[in-house]
Amino acid sequence: MAQYGVDLLWVLILASLGLSAFAIFISVSRHRRQHSKVVNSPSFGDDVASEAARKVLREVEKNGQSVDAALVTWSPETLRKILAEDLPDAQVIVVSNREPYIHNEDKNGDVQLVVPASGLVSALEPITRACAGTWIAYGGGSADRQVVDGDDRVQVPPENPSYALRRVWLTEEEYQGYYLGFANEGLWPLCHIAFTRPIFRESDWEAYEAVNRKFADTVVAEARNERPIVLVQDYHFALLPRMIRERLPEAIVITFWHIPWPNSEVFSICPWRERILDGLLGSSIIGFHTQFHANNFTESVDRFMESRIERADAAVSYGGQTTLVHAYPISIEWPVQLLKSLPPVEECRAHIRERFGIPADAKLCVGVERLDYTKGILDRFHALEELFIRYPEMIGKAVFLQIAAPSRGTLPAYKHLHEECQRLAEELNERYGSGSYRPVVLVAEHHSQKDVYKIYRAADICLVTSLHDGMNLVAKEFVAARDDEEGVLLLSTFAGASRELLEALIVNPYDAAMMSEAMRQALIMGPDEQRERMRRMREIVRDNNVYRWAGSMLLDAARLRKRGELDRVTALSERPAIANGDNVVSIFERKQAAGYR
Ligand code: F6P
């Protein structure tokens, strides 16, 4: 008892001083050690001790939610520490549709490696490396099958392998129905509310369900024990958490929804809304970029499911199980490793300006993203025209370079967008261009991360004008790229990043007049103001980096696991002794008795 008392004091003192999450790690680890003593005790009967431990843990959990972890420097090392101390022996499995490395065959028959244009990939890749996990994804590259071993695995990153990429193969029909159909013609427009009508087809839904099951089979096959930590990514896998829960009840399933979640009225138009919610509520934790989207999700559950909403705990109880619903703002690695290999800003400027023919007296404005109707690319073009109409003296003084990686190009909405972008760019160039001056340079091609970072470093202004976006990591990458502390960020108020990067020029992309004024402000902004704004934004991205994003989820997972262990011990200790002394019960019985997962 004395030891518990000392611990309680320890936790309270540290928490009240507002010290870092490490204080909590230490306390929680100590309780784990004590808890394992309780588990190993022959009688399971020390109710007083386990109650004391539960009290202390509640205290830790309470403080864990209120104590800010800002004093921790979040790095790969921090993640490894959390895993080693708080989730010992946990195997981390990441599941996403998009793979972090794609092997493609070029026209000479050589295998080329491509890192896709995906915020999800740039966030998850350093995490998976740090955790030496397993990443399961759809193998969509034309040479993907050539490089895997007999178990469909390839070790990556190729230059310094640190984790296994396990590829899942899809038939053409599955790809059409699950990826292009239900995910990208149904859920994508449904969640983004960019005024593109969602299309729901029964056959797409069937393919979506079948592919989610295929991935569930792969998770089970890859799990080394019954208690992996599975990080399920995005709207391609709404049904997967429940499927994993059914087969691996002891797993911690953390689902992260990388795109917005609409309000319940909008969500209600999905014919399979209850199935989607049921699938997601198989998760232990569901994460969104913003509290607003987390609230929208909870509201949808409240409206359509027989559930209990625990608002104070940010949790949903459904079917006798509890799921935490939290906001975890995603980010990028800090420092960005790639920057080490890049030339200084001045060199990047000279190189990029020459490559794209930017006149010496024109400022360089850039946009970098997938060619997607949610990104507000056309709206930028309209704002540029508005700028030229309002301030004709700006003609010749600004060039807008739009890098647009082709994406989902077989879908009509994307084909149409591509055509519209080309048409409008040509129109603007005809109307406002002269001699070698072209106000719009549209490059609808994939660029390597290295090239993209060079473009960020060369830019005077970066425009992120999404009509709706979960977070938008381009905004954070631009800030990270500018170690010279110059450059201006124009950021949509409808991108999650605008909640953090307050020193950007925040714009409404639907308001061309407002955007044109912001563009002008950016074009004439002096270096001192740029530096002041950029410095503050760099601090935010540095402190809230992707290791903090993953670390917060893993800490919450560790708390859940500990709570589950303590509940299980309590359930066992409260169970009347069986005459023959055999009080071993199945894990399912214990779970039911303890009412947790
Ligand atoms: O960030 C949202 C997202 O949908 C990711 O899930 C995805 O990796 C990325 O955009 C790119 O989309 P896609 O994988 O369909 O090319």
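This report looks at the ligand site and at some salt bridges of the structure above.

The model is predicted, so local features need pLDDT of at least 70 and side-chain atom pairs count only at pLDDT 80 or more, while totals for chains, interfaces and linings use all residues. Residues are numbered from 1 along each chain as its sequence is written, and side-chain values use heavy atoms, with hydrogens and water left out.

**The ligand site**

Let us begin with the ligand. The residues around it are Arg98, Ala117, Ser118, Leu120, Tyr179, Trp188, Asp234, Tyr235, His236, Arg370 and Arg408 (a residue is near a molecule if one of its heavy atoms lies within 4 Å of it). This shell divides into five nonpolar, two polar and four charged residues; here Ala, Val, Leu, Ile, Met, Phe, Trp, Tyr, Cys and Pro count as nonpolar, Asp, Glu, Lys and Arg as charged, and the others, Gly among them, as polar.

| Side chain | Distance to a ligand oxygen atom |
|---|---|
| Arg98 | 2.9 Å |
| Tyr235 | 3.5 Å |
| Arg408 | 2.9 Å |

On its own the ligand has 370 Å² of accessible area, and the protein covers 89% of it (Shrake-Rupley method, 1.4 Å probe).

**Salt bridges**

Now to the charged pairs. The count comes to 45 salt bridges, each being a side-chain nitrogen of Lys or Arg within 4 Å of a carboxyl oxygen of Asp or Glu.

In one of them, the closest N and O atoms of Asp144 and Arg167 are 3.0 Å apart. This pair links distant parts of the chain, with Asp144 in helix α6 (residues 144–147) and Arg167 in strand β6 (residues 163–168), 23 residues apart. Helices (H or I, at least four residues) and strands (E, at least two) are DSSP runs, numbered from the N terminus. Both Asp144 and Arg167 are buried; buried means under 20% relative accessible area, exposed over 50%, and partly exposed in between (1.4 Å probe, protein chains only).

Arg535 and Glu485 meet at 3.1 Å, N to O. Arg535 is partly exposed, at 42% relative accessible area.

Helix α19 also holds Glu529 and Arg533, four residues apart and therefore separated by about one helical turn. Their salt bridge has its closest N and O atoms 2.8 Å apart. Glu529 is partly exposed at 36% relative accessibility, and Arg533 is partly exposed at 21%.

Conventions: A polar contact is a pair of N or O atoms within 3.5 Å; within protein, one must be able to donate a hydrogen and the other to accept it, and residues adjacent in sequence count only if both atoms are side-chain atoms.
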